[in-house]
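The stops below are arranged by chain.

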Amino acid sequence: MSKHVVATVSEIPPGQRKLVTVRGRSIAVFNLDGEYFGLFNRCPHQGGPMCEGILTGLIESDEPGHYKYSRKGEIIRCPWHGWEFDVRTGQSYCEPERIQVRSYPVEVAEGTRVVEGPYVAETVPVTIEEQYVVVDV
Amino acid sequence: MSSALLERAVAHETKIGVIDCDVHHAMRSSKDLYPYLPARWREHLETYGSRRPTPFTGSSPYFKAAPALSRKDSWPRNGGPPGSDLAFLQEQLLDRYGIEAGMLHLLSPTGMDQRNQELAPVLCRAINEWQFHEWTQKDQRLKAAIVVPGEDAAAAVAEIEHWAGNRDFAQVSVVTHTIEPLGRRRYWPIYEAAAAHGLPIGLHSSGNNGYAVTAAGWSSYYVEEHHEVSMSQQALVTSLVCEGVLARYPSLKVVIVEAGLAWVPSLCWRLDRQWARMKDEVPHLTRPPSSYVREQVWFTTQPMDEPERPEDILSILEWIGWDRILFATDYPHWDFDNPETAFKAQMTEQQRRMVFRDNARAVYGLG
């Protein structure tokens with residue numbers, strides 16, 4: 001595992017995402033209310049480009065006629081068959097224990113720290129003034 | 001669901017060409033047909049529009065799960081609905097998956113729904129001209145189905161006769177939501193003509209007849225209706241068998257598209273059992289019903305059934321016959337099957353070749 005700088009913080013505002021390629025893998029970094037999460041962009045169902053799907057919330061119901069809507073913007077739906085995954089954990093909604101998409105640790109690092117290394121910053125120019133999104137791959 | 005439902009790392013296999021038996025091309029708009037329509041009918045459509053047994057002019061009475069029923073990533077970059085751009089389709093499907101042939105099924109317009117009986121055959125001719133000039137002549141991997149005004153059998157036969165022998169057309173397409181069950185005599189001349197020319201009848205769920213897909217009214221949810229469509233296809237197969245269409249035209253080939261296939265054995269078991277008791281009602285069936293299905297009907301794979309134990313699908317495919325299974329993606333629809341990952345159960349190399357290519361070559365007479 002190594003730490004890769006994939007974006008400046010300002011590039012991925014809350015509710016947005018950025019698709020990057022790190023060490024040959026297609027990975028999407030999401031910003032949920034200021035926190036960053038990284039998911040492998042390949043659905044465990046049939047390999048669809050999962051991170052290009054829509055972000056939605058969770059609809060739960062204990063009986064017909066009653067429903068609860070929560071976690072708006074935190075569930076990603078694969079654009080192919082609509083499988084839903086929790087962006088925070090990578091777990092599927094249908095069977096969280098057994099079906100998940102690979103998730104990657106993401107952190108925010110100060111430019112001053114990043115310029116010292118050992119961060120990998122192939123495509124993102126680094127300055128000490130900025131803050132950076134770093135993915136551990 | 002078991003973790004085996006997930007795509008598994010596939011060991012390197014011999015790369016074989018794939019034949020996709022269900023590809024949906026589409027028009028950008030109904031105006032795409034204008035170059036192929038006589039002026040009299042262009043003006044008619046501009047004034048009176050298209051009259052079909054459905055209350056909606058621009059939508060469907062049957063639910064859809066996603067806009068245009070399609071994968072969210074299948075909208076062409078140049079605008080236009082999914083399936084309407086040949087270059088994008090070539091890139092996203094044919095080239096991407098090494099498709100050596102794609103069997104086109106046009107879902108709209110059908111021509112067959114058209115209530116104006118003079119317009120229906122004209123529309124079908126225009127549709128087939130459009131398919132020929134804009135699709136199959138531009139990419140020889142794509143094969144069209146002859147779209148026919150099937151509620152008017154004589155006109156349908158004329159359209160088949162017009163295109164028969166043209167290698168761009170590999171089958172005859174008839175909608176499945178018809179005025180009467182497709183085994184009924186009014187449709188027989190179509191089967192006779194198709195069989196005479198060695199053209200399979202491709203039956204993809206389509207059309208509007210004003211009836212609900214269930215036998216008792218309109219369902220509430222898409223997830224219901226998505227499955228009920230398969231049931232209506234089962235009724236269709238039952239009609240073709242019991243009315244004696246398959247018996248009467250022994251060389252007729254029928255391809256059932258996008259109806260699933262796990263139901264085939266149980267349907268045949270029930271038909272055989274009833275036939276054993278009630279042969280005297282249907283004396284034209286001189287053999288068990290299942291024998292007609294196993295000789296004259298083929299089934300496409302998509303949407304692939306996914307039992308808890310993936311291997312269970314193998315015994316079903318075995319029963320139907322490995323030579324009767326046709327791989328399909330249903331591109332660009334949302335329930336598209338990726339040829340690289342859709343099959344979770346292990347098949348032998350020979351079975352793979354049959355399902356992914358050789359059976360289609362045989363049924364459609366491809367090179």
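This is a predicted model: local features need pLDDT of at least 70, side-chain atom pairs count only at pLDDT 80 or more; totals for chains, interfaces and linings use all residues.

Residues are numbered from 1 along each chain as its sequence is written, and chains are lettered from A and ligands numbered from 1 in the order in which they are written.

**Chain A as a whole**

Select chain A and display its C-alpha trace, which spans about 55 × 30 × 20 Å along its principal axes. In cartoon view, chain A shows one helix and ten strands; these are DSSP runs numbered from the N terminus, helices being H or I of at least four residues and strands E of at least two. The order along the sequence is β-β-β-β-β-β-β-β-β-α-β. Chain A has 137 residues, of which 34% count as buried (20 or more other C-beta atoms within 10 Å of the residue's own, with C-beta atoms placed from the backbone).

Next, select residues 55-63, 66-77 and 84-86 of chain A, which are strands E5, E6 and E7. They form an open three-stranded sheet in the order E5-E6-E7, with antiparallel pairing. E5(A) and E7(A) stand at the edges with a single partner strand each, so one side of each is left without a neighbour in the sheet. From one strand to the next, the twist averages 55°. Strands count as paired if DSSP finds at least two bridges between them.

Focus on E5(A) and E6(A), whose antiparallel pairing runs over six bridges. Here A:Glu63 stands opposite A:His66. The two strands form a hairpin with two residues between them, and A:Gly65 in the turn has a positive phi of about 100°.

Move to E6(A) and E7(A), which pair in the antiparallel sense over three bridges. A:Ile75 has A:Asp86 as its bridge partner, and A:Ile76 has A:Phe85. Six residues separate the strands of this hairpin, where A:Gly82 takes a positive phi near 85°.

**Where chain A meets chain B**

Show both chains: 15 residues of chain A are in contact with 14 residues of chain B, contact being C-beta atoms, placed from the backbone, within 7 Å. The side of chain A that touches chain B has six nonpolar, six polar and three charged residues. In this classification Ala, Val, Leu, Ile, Met, Phe, Trp, Tyr, Cys and Pro are nonpolar, Asp, Glu, Lys and Arg charged, and the others, Gly among them, polar.

**Helices of chain B**

Select residues 153-163 and 188-196 of chain B, helices H4 and H5, whose axes come within 8 Å and cross at roughly 15°. Axes are lines fitted to C-alpha atoms, for helices over the stretch in contact, and angles run from 0 to 180 degrees between N-to-C directions. That makes H4(B) roughly parallel to H5(B) (an angle under 35 degrees). Among the contact residues are B:Val157 and B:Ile160 of H4(B) and B:Ile190 and B:Ala193 of H5(B). The contact comprises nine nonpolar residues, no polar ones and one charged.

Technical notes:
A residue is buried if 20 or more other C-beta atoms lie within 10 Å of its own, exposed if 12 or fewer, and partly exposed in between; C-beta atoms are placed from the backbone. Two residues are in contact if their C-beta atoms, placed from the backbone, lie within 7 Å. Angles under 35 degrees count as roughly parallel, over 145 as roughly antiparallel, 65 to 115 as roughly perpendicular and the rest as oblique.
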